[in-house]
Amino acid sequence: MSRYFTYRSLDDLRADVAARSLDIALEPNFERLLEPTTIGPRTIGNRLAVHPMEGCDGMLDGRPDELTYRRWERFGAGGAKLIWGEATAVGPEARANPRQLLLTDQTAPDFAQLVRIARDAHKSRFGRDDDLLVGLQLTHSGRWSYPQPLIARHSPTLDPIKRTEHAPLLDDAYLGRLEDTYVRAAVLARNAGFDFVDVKQCHTYLLNELLAARDRPGPYGGSLENRTRFVRNVIAKIRAAVGDDLLLASRLNAYDGPRYSNDGQPMFDPNDRGFGVDNDGAPDMSEPLALVGMLRDAGVSMINVTLGSPYFNPHIGRPFERAPVDGYAPPEHPLVGVARHFELAAQVQRAYPDLAVIGTGYSWLRHHAAAAGEANVRDGRIAIMGLGRGALAYPDFAADLRTDNAMHDRKACIGVSYCTALMRAKNNDLGQFPAGCVPRDPLYADHFKLATGR
């Protein structure tokens, strides 16, 4: 039996939202979500997106494997007009696991095949793909890199997780070279047929960690100008290399949040507070909003707003029904986390109404997710609603909204964190199990049994 999600109807959900005095509106008539919208010079056919959901199912050399192609085909056929492709490392040392995708000269033809598969599936089902945008998220995993952590700063709260207290910092020369590595990856993505690239700045991976590097010496740390130097340089260099051939985007943390212990207690240090965090551990949007303004001025067209880190405060980033295998029970009702997502994304959209802001935090709402997305778009709180875990469970959610004017309960994500359990499972020949929706996809149920013995 679910601990939190007990709503038999939309009215039940509304009543609980009101009882908790949360700012979550719900609108069941999906007019705005299904209308076209513009992103830079492009028009897409609806306001629905698939977030960058990594499957941990690439080959050891970084190429997509059979399951990768299957997932992208399902997303392409699902009806969302914005497919935000998953985390793809810009270099071998930047991978988060041995099966993370890696974009190089050698693997680029395989990425071109990913784009073709997604577009062909979309066109086959909907008759056109000229109103579809497909992008790729470029990442460096930083302190979460495999096989060894690569850190930009020391953190009293984070170093103990990976035993990096005495690890050397990445030096400025490496970061300077890495800027150009991102540019080469963006050019490869453009040549492979992607419409946009996302310079990833979230979930405490390297670029997000740089945003919090207040005590780092040199040109990449200290002041906000220095802490944003890397991403500003990368965006400017990509634009110079590709001109207007490629849209630019960034998925960024508006709020890192404090680390939580295994018993669900905050471990907050005001001297190590992360990005977008005030001296009490609460959200402080002053620096995130300043960063978004810098990115907009540099030519970024889309901002995907997310929160937290899957490694030390997963309930902030993805409100859940059941704790992940290596985590804690939610220390707050998931609706509180959903409302936090909605409010912080709304602050970004209202500050920059000319940007396409993609909202996150919907999956826990299950088949009521689109009702919240419709209300947020109607109220100017976001431009586009995205599903991450929800899209793994329910890749054709957008198609059902179009044909049935509803998302269906029997298809929706139920927030039990089994996809996370698969991401954490390393006990197979490739050092990483593939991740997907265990309750909704029998293929991943079989992998889950192998990974957990259940």
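Student: How many aromatic pairs are there?

Tutor: Before counting, know that this is a predicted model, where local features need pLDDT of at least 70, side-chain atom pairs count only at pLDDT 80 or more, and totals for chains, interfaces and linings use all residues. Residues are numbered from 1 along each chain as its sequence is written, and side-chain values use heavy atoms, with hydrogens and water left out. Rings of Phe, Tyr and Trp (its six-membered ring) pair if their centres lie within 6.5 Å; planes under 30 degrees apart are stacked, over 60 edge-to-face, and the rest tilted. By that rule, the count is 12 aromatic pairs.

Student: What kind of aromatic pair do W72 and F194 form?

Tutor: Their ring centres are 6.2 Å apart, with 75° between the planes. That angle is over 60 degrees, so by the rule the pair is edge-to-face.

Student: How many residues apart in sequence are the parts that W72 and F194 tie together?

Tutor: W72 lies in helix α2, while F194 is in the loop between α5 (172-192) and β7 (196-199). Helices (H or I, at least four residues) and strands (E, at least two) are DSSP runs, numbered from the N terminus.

Student: Is W72 buried or exposed?

Tutor: Buried means under 20% relative accessible area, exposed over 50%, and partly exposed in between (1.4 Å probe, protein chains only). F194 has 3% and is buried. W72 has a relative accessibility of 2%, so W72 is also buried.

Student: And E66, buried or exposed?

Tutor: E66 is found in helix α2. Its relative accessible area is 64%, so E66 counts as exposed.

Student: Which residues in α16 does α2 meet?

Tutor: Helix α2 (residues 66-77) and helix α16 (residues 442-452) have axes that come within 13 Å and cross at roughly 145°; axes are lines fitted to C-alpha atoms, for helices over the stretch in contact, and angles run from 0 to 180 degrees between N-to-C directions. Contact means heavy atoms within 4.5 Å. On the α2 side are L67, R70 and R71, and they meet L443, Y444 and H447.

Student: Which residues are linked into a cluster by ring pairs?

Tutor: Here the links are aromatic ring pairs. The cluster they make consists of F5, Y7 and W364.
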